[in-house]
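Subject: Structure handover

Hello,

Here is the structure I promised to pass on. Please open it beside this email and follow along.

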Amino acid sequence: MEGGGPAVRRRSRSASARKRSRDRAQSRSACSPPARKRPSSGAGEEPQPAPSSPEYNNDSEEDMFGDYDSFSGNDSLLAQVDNMEQECIQSIDLTSCTKNMEDKATVEPAFGYLQLQNAKSKELIFSAAGNITGFRTEEENHLRITSEQENRTLEPGDCFLDDLPSSQLLCFEEMNKTSVDSRKSSEWQHTCLTLESLQQRKNLIYSLPTSGGKTLVAEILILQELLCRQKDVLMVLPYVAIVQEKVWALSSFGIELGFLVEEYAGSKGRFPPIKRRMKKSLYIATIEKGHSLVNSLIETGRIGDLGLVVVDELHMLGEGSRGATLEMILAKILYTSKTTQIIGMSATLNNVGDLQQFLQAEYYTNNFRPVELKEYVKIQDSIYEVDNKAENGLTFSRLLNFKYSSNLQKMDPDHLIALVTEVIPNYSCLVFCPTKKNCENVAEMICKYLNKVFVCLFAPNRSREYRNHRENEKQDLIKDLKNIGKGSLCPVLKRTIPFGIAYHHSGLTSDERKRIEEAYSAGVLCLLTCTSTLAAGVNLPARRVILRAPYVATEFLKKNQYKQMIGRAGRAGIDSAGESILIVQEKDKHLVRDLVNSPLENCYSNLFLEFTKGIQSLLLSLVGLKIARNPEEIYHFMCGTLFGVQQQFLSKEKSLSAITREALGCLIEKGLLKGKMTSEKEQKSQSNLEITQLGQATYKGSIDLAYCDALYRDLKKGLEGLVLESCLHLLYLTTPYDMTYHCRPDWMIYFRQFSQLNSVEQKVAAIVGVPESFITKKASGQAIKKDVDNCVINRLYLSFVLYALLKETNIWNVSEKFNMSRGYVQNLLNSAASFSSCMLHFCEELEEFWVYKALLTELTKRLTYCVKAELIPLMEVAGVLESRAKQLYDSGYKTLAHLANADPETLVKMIEHLSRHQARQIVSSAKMLLREKAEALQEEVEELLKVPTDTPEGLLTTLP
């Protein structure tokens, strides 16, 4: 088979199995244009498939966690496979196993093979599928064994396939054990995975409603690519938290099946990645880091090593600068590698035709949703069901039955208390609010009056129900949040958690959010008030979702946002039903009717709108990577972008050629490119463009072109008198430019912090351009005659925040000191760490900045973790945050090796509030990280010991 993948043989199946396939095929939904299933070649067996072909960046730190239907949860496929493996291992005849194997079944050294070597481990997991009651009967198993004995001509690494690779069979047979809904789910997934387009390795876009099981399909394809075709895979996810969660979840599979899971998020990731001789890598990356990774693979001629690229939330192509970056990734892969398959998925796609043309992809869609979702709109005390068949799109459902006092009516005019108490505490509820402050106010309001309402109007026993429900676990949650805050606890959460209620938004730290999410998932909390950013959340389902208002901040809700919010209701396997209620005021009735009945918004390219982060950045990297060297080649590339597909609609005044030439002219003017632009008529005779050193540094560092000149000037100025007696000056240089626009300094705090600096540190302010007299006058309210650059003022203020963080490592104290939310302070820290990493790559390309390399390497590490040095090795493990790292360290797990060789059962006993699943995942992640580091060193050793072929002795031996 081409592409270096193993030879694959399909076996025939029994009549009963073929009948089930035909039944599933008949229920398959249509798609536009349809992606065809492989045609049958006869009545007796499935046909053979077509042979495979040969072959800046600030990651978002908002509390958004992607639209996830993953099989990596507690009751997920990964967890079930893990349990099946353990059961299978335990059932093996011990007399046929060696004593060594028996020892490894419990606690295994990090550097040994696990239970089995790579090929045996695959066989163990895949053979477990044969023990599941589902797709195969005993007779079928007998036929399978007989067929395999007759036809077995395996090469190392071969996989036997039935209708699917074994990795896929495992998933479907496991799902087939469960409910009718699961069987319906597996039907569409089976249909999608056996599409002719996938078998021919064509690109695919597929779309289903939230919780339909999209991610499961993608992850099955990822495992097939890694194990059967032996190719690397890139998975692009929208947010840092999602990347970390996915690395955490898939590390156990990587350990067992012999592939590496590498994290590319924030300041993490190698460019270019280490070229592995033996194992294949699954790169899990944010959009920004994914772009840098693809650039490095193109530059080193290794883009063909990527067999598959999976993009979650494909609709993000239409979302600002991040959408522009995602478009660059896909366009470059399409242009430079004809063997890399692209899979894109989303729940909210509309203009699919444009995306198909851009990605040269087939399209599959299905309206399957495992749990019925009913949409309602509440106007005053009437509740209407959304009904597309009705004349105005709404049908009257019921009147809200409530008994409010006049005071309570004033406090809760939207009847939120009545709506939530219909479901909590026995079922879960999410209340989406327009702003972060509104989240906190609503949570407090519900708790304040909840007890009062039931004491006065219903039964006193019900009033105690909310406090008594999981009371001990609520106290444990409060204790954990206090430990996370190093003794501090948000007063709002202190008042609301006893009622099983909490708020969730970006003002919380990531540790706080994670602990609240865990408590909600476990049923300890029954109600979360949250902002729209949770709409793309991890598996945080709810029986009822309430939208407090059809607004996000002051902007009216978009259909895509609305769909993502209500998609949280009724998640598969957790709720039997789901419902959403949108609260509407009379003035917004007509807008809401249009909203619920309108189609999803179209997805448009942002390359042109995001000029410096979009088209200019793209063209600079095209020349730097030698993908296209002159205007004609660049124009040819641009025709293959989403912007090229939509150009006539997006820019009617200018042609694509004119826009391209204008952008190239700007790059030449900025000194990032060298060359001469001539008229379009003379374009073909034009010489090639060249990238300058500054241009090379800019695209290698993923620096926004809007700031590259300012960054170069600041670094150059720093060389003249960089203050190294403290890290304040260096922190100023690594403070992201784009965060200064949203900064509003408190001048009394500014003056107080400046006054606490020593004389050397105060000198830094003068060097960067903020004199002491200016700060003093601003704090005292005096008039300022001399203008000072606002960007410089704000950057210095933010650098004071970072300086305080590195000295105290306590986000709570620093946020109170500067009167900022904890989430904002943490976001600043994460952004600074990412920008510091970008600056390091920027300086590596400019010899004059050699002195910054060592300084930035150490500073990036400090900013990334911002904890005491002894906790850093533990926090390198995916999913281990500061509070958990402290628990582990205090329990004696002080190094990565300690964690990698830990017994999960012992961890559960020693670490408070740690589940078995979490313990297994932590150990697996530690093993994966340790193995990755060890193999990187081994690769380096082998490279050093490799005999060069161009030595004089080598040349002599080649002479005739």
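This is a predicted model: local features need pLDDT of at least 70, side-chain atom pairs count only at pLDDT 80 or more; totals for chains, interfaces and linings use all residues.

**The seven-stranded sheet**

Start with the open sheet of seven strands. Its order is β5-β6-β4-β7-β8-β3-β9, and the pairing is parallel. The edges are β5 (260-264) and β9 (361-365). Each has a single partner strand, so one side of each is left without a neighbour in the sheet. From one strand to the next, the twist averages 15 degrees.

For a landmark inside this sheet, take β4 (residues 232-236) and β6 (residues 281-285). These strands run parallel and are joined by four bridges. L234 has Y283 in β6 as its bridge partner.

Two helices to look at here are α11 and α13. Helix α11 (residues 287-299) packs on the sheet and touches β4, β5, β6 and β7 (306-311). Its direction makes about 135 degrees with that of β6. Helix α13 (residues 352-359) also packs on the sheet, where it touches β3 (203-207), β8 (341-346) and β9. The direction of α13 makes about 145 degrees with that of β9.

**The eight-stranded sheet**

Next comes an open sheet of eight strands. The order is β12-β11-β10-β19-β16-β13-β15-β14, with mixed pairing. The edge strands β12 (394-399) and β14 (501-504) each pair on one side only. Here the twist averages 25 degrees from one strand to the next.

Within this sheet, β13 (residues 429-432) and β15 (residues 527-530) run parallel, with four bridges between them. V431 finds its bridge partner in T529 of β15.

Which strands does helix α20 lie across? They are β13, β14 and β15. Helix α20 (residues 510-521) runs at about 135 degrees to β14. Helix α21 (residues 559-566) packs on the sheet too. The strands that α21 touches are β10 (373-379), β11 (382-386), β13, β16 (544-547) and β19 (578-584). Its direction makes about 145 degrees with that of β16.

**Helix α31**

Now move along to helix α31 (residues 759-768). Which of its residues are buried? They are E761, V764, A765 and V768. Seen down the axis of α31, the buried residues fall within an arc of 95 degrees, so they line one face of the helix. The face turned away from that buried side carries S759, K763 and A766, which are exposed.

What covers the buried residues of α31? The cover includes α28 (708-721), α29 (728-734), α30 (747-755) and α33 (790-808).

Both ends deserve a look. N758 caps the N-terminal end of α31, with a side-chain oxygen 3.1 Å from the backbone nitrogen of V760. After the helix comes G769, with a positive phi near 115 degrees.

**Salt bridges**

Side chains of opposite charge can pair when their charged atoms come close. How many salt bridges does a search of the whole structure find? The search finds 37. Here are some to look up.

- K563 and E375: the closest N and O atoms are 3.5 Å apart. The pair links distant parts of the chain, with K563 in helix α21 and E375 in strand β10, 188 residues apart. K563 counts as partly exposed, at 30% relative accessibility. E375 is buried, with a relative accessible area of 15%.
- R398 and E422: the closest N and O atoms are 3.1 Å apart. R398 lies in strand β12 and E422 in the loop between α15 (416-421) and β13, so the pair ties together parts that are 24 residues apart in sequence. R398 is partly exposed at 28% relative accessibility. E422 is partly exposed at 35%.
- E848 and K716: the closest N and O atoms are 2.7 Å apart. E848 is partly exposed, with a relative accessible area of 30%. K716 is partly exposed as well, at 37%.

Finally, a network of salt bridges links R277, E939, E942 and E943.

Best wishes

How values were computed: Residues are numbered from 1 along each chain as its sequence is written. Side-chain values use heavy atoms; hydrogens and water are left out. Two strands pair if DSSP finds at least two bridges between them. Axes are lines fitted to C-alpha atoms, for helices over the stretch in contact, and angles run from 0 to 180 degrees between N-to-C directions. Contact means heavy atoms within 4.5 Å. Buried means under 20% relative accessible area, exposed over 50%, partly exposed in between (1.4 Å probe, protein chains only). The arc is that of the directions from the helix axis to the C-beta atoms. A polar contact is a pair of N or O atoms within 3.5 Å; within protein, one must be able to donate a hydrogen and the other to accept it, and residues adjacent in sequence count only if both atoms are side-chain atoms. A salt bridge is a side-chain nitrogen of Lys or Arg within 4 Å of a carboxyl oxygen of Asp or Glu.
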